[in-house]
Structure formats: C-alpha cells, structure tokens
Amino acid sequence: MNANQFLKAVEQLQGWRQTAFLLALAERAFPNYALFSEAIGTKAGGKMRQLLDTGWELFEEKSTENTIPRLLARLENLSPEVDAYDAYGVYPAFDFCVLLEEALLSRLNPSKHRATEASRVATGTVMNFIIFSEGDDLDDSELVRLLDSHPLMKEDKMFQRDLILGLKRQRVPKEHYLRELQDLAANDGVSNLGITLADDEME
C-alpha cells in the first residue's frame, strides 16, 4: 500500500471502522499521556485509562446520546492546557486527548469523517518528537532524510496501514476482534514514541 492508496483507504473509513481506527490510534498514544501525568505528579493517568477503556466498551452499547457527552466532559477536565507547561511531554499528551475526543465524537456522530485528520495528528506526534529530539542543527534535506528513515516513522506507517487492512477485512465489530484490535494497538504498553510505563505507574 503506497502513500496515495493509504490516504484513499483512510478517507473511505466509515461507521464503526472509523471509530475503531480512532480508538486504536488513541490506544497506541496512551502511554504518552500516562508518562506526562506521572511526570507532573498527578493521578490523571489512571482516570484517563478508565475513560479510554470506556470508549472501547461503547461498541457494546446501543444508546450513546447520554453517555458520550459525559465522557467528553471528563476528557476535557483531564486534558492538559498546553500553554501551562514548559515540558515537551505536554504536546504528545494533548495529541492523545485529541485522538480520544475524535473517537468519542465519531461514535456519537458516525456520519462525519474524522479519520484523515486523526491519522495526521498521530503521525505528527511522532514527527514532532523526532524533530525535537534529533533534529537540532539539521537543514531541511537532512531533516527529510531523518524522518524518512527513522524507525518510529516506519513503525507508525506500518501500524496505521495494518489497522486499515485489518478493518477492511472485518465485516462486523465482533467482541473478540475488538479485543484483539485493542491489544494490538496497546503494543505491550509501548507508545508511538517508543516510550512505556510500568503498570503501577499508570494507576
């Protein structure tokens, strides 16, 4: 699947497949939020973990009109104010919140397309992290080469591509498939930035 084919496939995501795609992107990014929460000494990581799990459980519910607005309000309360922190970690933490918000909104209003922008947000998290951590003193051409060859960028592309291919093959959102999808996205607790937290640190 080349870049144009991938973009077209993302644009074609609809209904439950789009929501599952967005939740999977958020799942992969969750450790970024948890690490930031731990770094600033809050317990928000555990609360956000519960919120994300609830997002996955929404596939089992028929009525979401009352549930999702409450979840969105909780998410807003747990989302960091980017301008309030000097630490770089606030940016990937906020990106996670954007992805989860898009997933919840997609479940509430599945007719609106959100996957393309969310895909850009997820890839942008990785790209900006590489530039921040390794891009000093590089000119534009060197930076392009760094991004093209970086393992984190390759992993992000492969992850999103595999998500799309798997979703296209699945006819209905069966419970066992969604569990497998969540486990795949969780990546043994390693985020799209290659960082992880021990279980006790996320509680």
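Author: Happy to! Let's begin with H2 and H6, whose axes come within 10 Å and cross at roughly 20°. That makes H2 roughly parallel to H6 (angles under 35 degrees count as roughly parallel, over 145 as roughly antiparallel, 65 to 115 as roughly perpendicular, and the rest as oblique). The axes are lines fitted to C-alpha atoms, for helices over the stretch in contact, and angles run from 0 to 180 degrees between N-to-C directions. Helices are DSSP runs of H or I with at least four residues, strands are runs of E with at least two, and both are numbered from the N terminus.

Two notes on the source: this is a predicted model, where local features need pLDDT of at least 70 and side-chain atom pairs count only at pLDDT 80 or more, while totals for chains, interfaces and linings use all residues. Residues are numbered from 1 along each chain as its sequence is written, and side-chain values use heavy atoms, leaving out hydrogens and water.

The crossing of H2 and H6 is left-handed (the near helix is turned anticlockwise from the far one by less than a right angle; clockwise would be right-handed). On the H2 side, Gln18, Phe21, Leu22, Leu25 and Asn32 meet Ala115, Ala118, Ser119, Ala122 and Thr125 of H6, where contact means heavy atoms within 4.5 Å. By class, this contact of H2 with H6 has six nonpolar, four polar and no charged residues (Ala, Val, Leu, Ile, Met, Phe, Trp, Tyr, Cys and Pro count as nonpolar, Asp, Glu, Lys and Arg as charged, and the others, Gly among them, as polar).

H2 also packs on H5 (residues 90-108), at an angle of about 155° and with the axes 7 Å apart. H2 and H5 are therefore roughly antiparallel to each other, and their crossing is left-handed. Leu22, Leu25 and Phe36 are among the H2 residues in this contact, with Phe96, Leu100 and Arg107 among those of H5. The contact of H2 with H5 holds 16 nonpolar, five polar and two charged residues.

H6 (residues 115-134) has H7 (residues 140-149) as another partner, with an angle of about 125° and axes 11 Å apart. That makes H6 oblique to H7, and the crossing is right-handed. Met127, Ile130, Ile131 and Glu134 of H6 touch Leu143, Leu146 and Leu147 of H7, giving six nonpolar, no polar and one charged residues.

On a 1 Å grid over the protein atoms alone, a cavity is a set of points where a 1.4 Å probe fits but cannot get out, a pocket is an open set with protein on both sides within 12 Å along at least five of seven lines, and lining residues have an atom within 4 Å of a point. Grid points are joined across faces, edges and corners, and a volume is the space filled by probe spheres set on the points.

The count comes to one cavity of 30 Å³ or more, and the largest cavity holds about 80 Å³. Its lining includes Leu25, Ala122 and Phe159, and H8 supplies the largest share, four residues.

The largest pocket has a volume of about 410 Å³. Of its 15 lining residues, Ala3, Phe6, Leu7, Thr123 and Lys157 are the closest to the centre. H8 gives the most to this lining, with five residues.
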